[in-house]
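I opened a new page for this structure. My notes below follow the order in which I looked things up.

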Amino acid sequence: QVQPVESGGGSVQAGGSLRLSCAASALTSRNRCVAWFRQAPGKEREGVAAIYTSGGSTSYADSVKGRFTISQDNAKNTVYLQMNSLKPEDTAMFYCAASVPLSTLACRPTRDQYNYWGQGAQVTVSS
């Protein structure tokens, strides 16, 4: 099975940047959806961004459009989440998730579509 592993979390001040990485064998070498989710204490897990590994089409939550960018590096079987202009409300545990191989017009970061989940990376944004 695909076993995503997140890295790159940490603590930054508001307005700063972080880049999260999600790596797994065959993560980007198969046609699939890969997405980032986040969950703050006491809140539901919410979708942040998604990418289709065949062609690289992307989808973002309205709250992060213009600030976050999801991308892939096929040579490293890695998906990234570049986070700029971070806000305190971005503070959460961030999870990487992958679907089974599929063909689709577009990927969306909705939990029901994803089968393989990482253990999470903490992102803390202070003001």
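I count a disulfide where two cysteine sulfur atoms lie within 2.5 Å. The model is predicted, so I noted its limits: local features need pLDDT of at least 70, side-chain atom pairs count only at pLDDT 80 or more, and totals for chains, interfaces and linings use all residues. Residues are numbered from 1 along each chain as its sequence is written, and side-chain values use heavy atoms, with hydrogens and water left out.

**Entry 1: disulfides.** I found two disulfides in the structure. In general, such a link is a covalent bond between the sulfur atoms of two cysteines.

I looked at Cys33 and Cys107, whose sulfur atoms are 2.0 Å apart. Their link is left-handed, with -85° about the S-S bond. Cys33 sits in strand β4 (residues 33–39) and Cys107 in the loop between β9 and β10 (116–117), so this pair ties together parts 74 residues apart in sequence. I noted both Cys33 and Cys107 as buried. Buried means under 20% relative accessible area, with exposed over 50% and partly exposed in between (1.4 Å probe, protein chains only).

I then turned to Cys22 and Cys96, which are joined with an S to S distance of 1.9 Å. Cys22 belongs to strand β3 and Cys96 to strand β9 (residues 92–98), and the pair links distant parts of the chain, 74 residues apart. The link of Cys22 and Cys96 is left-handed, at -75° about the S-S bond.

Why do I list Cys22 as buried? Its relative accessibility is 0%, so Cys22 counts as buried. Cys96 is buried too, with a relative accessible area of 0%.

I also wrote down the pattern: with the bonded cysteines of the chain numbered in sequence order, the pairing is 1-3, 2-4.

**Entry 2: the sheet around β3.** I traced an open sheet of four strands, in the order β1-β3-β8-β7, with antiparallel pairing. I took two strands as paired if DSSP finds at least two bridges between them. In general, strands of a sheet pair through backbone hydrogen bonds, either parallel or antiparallel.

Which strands are at the edges? They are β1 (5–7) and β7 (68–73), each pairing on one side only. Neighbouring strands of this sheet are turned by 20° against each other on average, direction ignored. For that angle, axes are lines fitted to C-alpha atoms, and angles run from 0 to 180 degrees between N-to-C directions.

I followed β1 to strand β3 (residues 18–23) and found antiparallel pairing over three bridges. Val5 has Ala23 of β3 as its bridge partner.

Terms used. Helix = DSSP H or I, 4+ residues; strand = E, 2+ residues; numbered from the N terminus.
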